[in-house]
Amino acid sequence: MKIFTSAQIHELDKYTIEHEPIKSIDLMERAAGKLTAAITRILEGGTKVVVFAGPGNNGGDALAVARMLATAGHEVSAWLFNTTGRLSPDCKLNRDRLKDVKKMKSFVMVTDEFDPPVLDASTLVVDGLFGSGLNKPLTGGFASLVKYINASQAKVVSIDIPSGLMTESNEYNVKANIIRANITLTLQQPKLSFLFPENQQYIGKVEVLDIGISPEGIAATDAQYTIMEKEDIACRIISRNPFAHKGTMGHALLIAGSRGMAGAAMLATKACLRSGVGKVTVHTPGANVLPLQIGVPEAILHIDGNDNIMTEAVGTEGFQAVGIGPGLGTDEMTAITLIGQLRRTQCPMVIDADALNILASHKAWMQQLPAGTILTPHLGEFERLEGSFTDTYERLSKAMLLAERLHAYIVLKGHNTAIITPGGRIVFCPTGNAGMATAGSGDVLTGILTALLARGYRHLDACMVGTYLHGLAGDIAAEELGMESLVASDIIRCLPKAFSLLASQKKI
């Protein structure tokens, strides 16, 4: 699914109007019909509806919704704010239409001072003040109104986007001047800012309404941001050749573990094996040999000369992919060995956990990463690599610059995990849940990604399929066990079901 910028949304509206063809007021009417139906579904008996409309097309939508709700017999009061004397043409038309509706409880046009209505627990506020075109923080009277609404006990439904929230970056926004909606009825497609954790407090529950924007226009519009869909992932799954054997299914090398951190190596190895690779070799210190041989008998062990930490780089001839970092530790001898390993690795590589932390302490080494390397930092690891950031949009911007500079793929882990390509594309993963915020979850992802690379997946496909599978397995585990009790090994246990679900979507 494509995620469009505010400028692209405006252009798609124009494209639909020109090519359907349809008048802009009729497109607004169609959207208002969908909004009204969605609002009607949540209206309870005795609920008073208060509609706040701004001077633009978002306000026009709100006025049309007020008219439709009143005509259907609901108790509706509406306020249209026109403090500058300039309404958009379609907002003006809907203002005139609303004037003729006899069933409205009240309709007030505000041009100066404003006495706000009582907003209590029996009130539903329809927020249509400002839409996706907003590009600066709300101030003055509009900021005061937003604060008044937020302080009330009323339930709030926002049209398209909560007023005051911007579609992309909110780095310089005034957080107190953004509507806190209970429900956001967004038009056609979710907005980029909806995917960021800091904005969940404003959007509430999101429902996407299809208002009939031109499919041809959507298909023809290039989008920097996309959200994976199950069908997109299913078609990327590489089918097994009936004549396959372990020698043709890829050989993965995992460099993981230190004394006391055998578990990280074990989780990555188990996940790698569960992701379809033919063979897995684990390079690990001697202290981890016994737990790995008992816990993962399918793995081949390559034992470091040191019992406690990694001190020897490994030749990568014969391996199709390398994953490095889980439980590795950050000892300086390990750090020196890591740079040697990076220099001699000739196959695709996944770098995670302590390998990232070592690179964060030796930033000049990052320039020696082979092109196409996959980095999988969580929020803290990325901050150590690239410094602090004020919000998720800035974090994404920094990740895009890093991916371009290193010619690398960056998997920014978290809710709505983001994959950033060297060319600046960003793909969000919709699977996964808060139960996966548990030790070892990232090690599991490293194992999955390394296996897929060894199987022969292209870098972007490995990132997309791997993160989707990881999150889907976590969702299956959470459904079975609940999020509170989920541990990383549950994700591995549910990988077979995740693969099966995707295989059922695959078109033969």
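I looked up Gln188 and found it in the loop between strand E7 (183-187) and helix H6 (200-203). The model is predicted, and I keep that in mind for each entry. Gln188 is not a glycine, yet its phi is positive, about 75°. I noted the background: most residues other than glycine have a negative phi.

Next I turned to Ala353. This residue lies in helix H12, which covers residues 353-361.

I stayed with H12 and asked how it packs with helix H11 (residues 332-344). The two axes are 10 Å apart, and the angle is about 100°. Angles of 65 to 115 degrees count as roughly perpendicular, so H11 and H12 are roughly perpendicular to each other. Which residues make the contact? From H11 I listed Thr334, Ala335, Leu338 and Leu342; from H12 I listed Ala355, Ile358 and Leu359. Sorted by class, the contact has six nonpolar residues, one polar residue and no charged ones.

My last entry is on a peptide bond. The bond from Glu20 to Pro21 is cis, and its omega is near -20°. I noted that most peptide bonds are trans. Pro21 sits in the loop between helix H1 (6-19) and helix H2 (24-42).

Note on methods
Residues numbered from 1 in each chain as written. Predicted model: local features only at pLDDT ≥ 70, side-chain atom pairs only at ≥ 80, totals over all residues. Heavy atoms only, no water. Helix = DSSP H or I, 4+ residues; strand = E, 2+ residues; numbered from the N terminus. Axes fitted to C-alpha atoms, helices over the stretch in contact; angles between N-to-C directions. Parallel < 35°, antiparallel > 145°, perpendicular 65-115°, else oblique. Contact = heavy atoms within 4.5 Å. Nonpolar A, V, L, I, M, F, W, Y, C, P; charged D, E, K, R; others polar.
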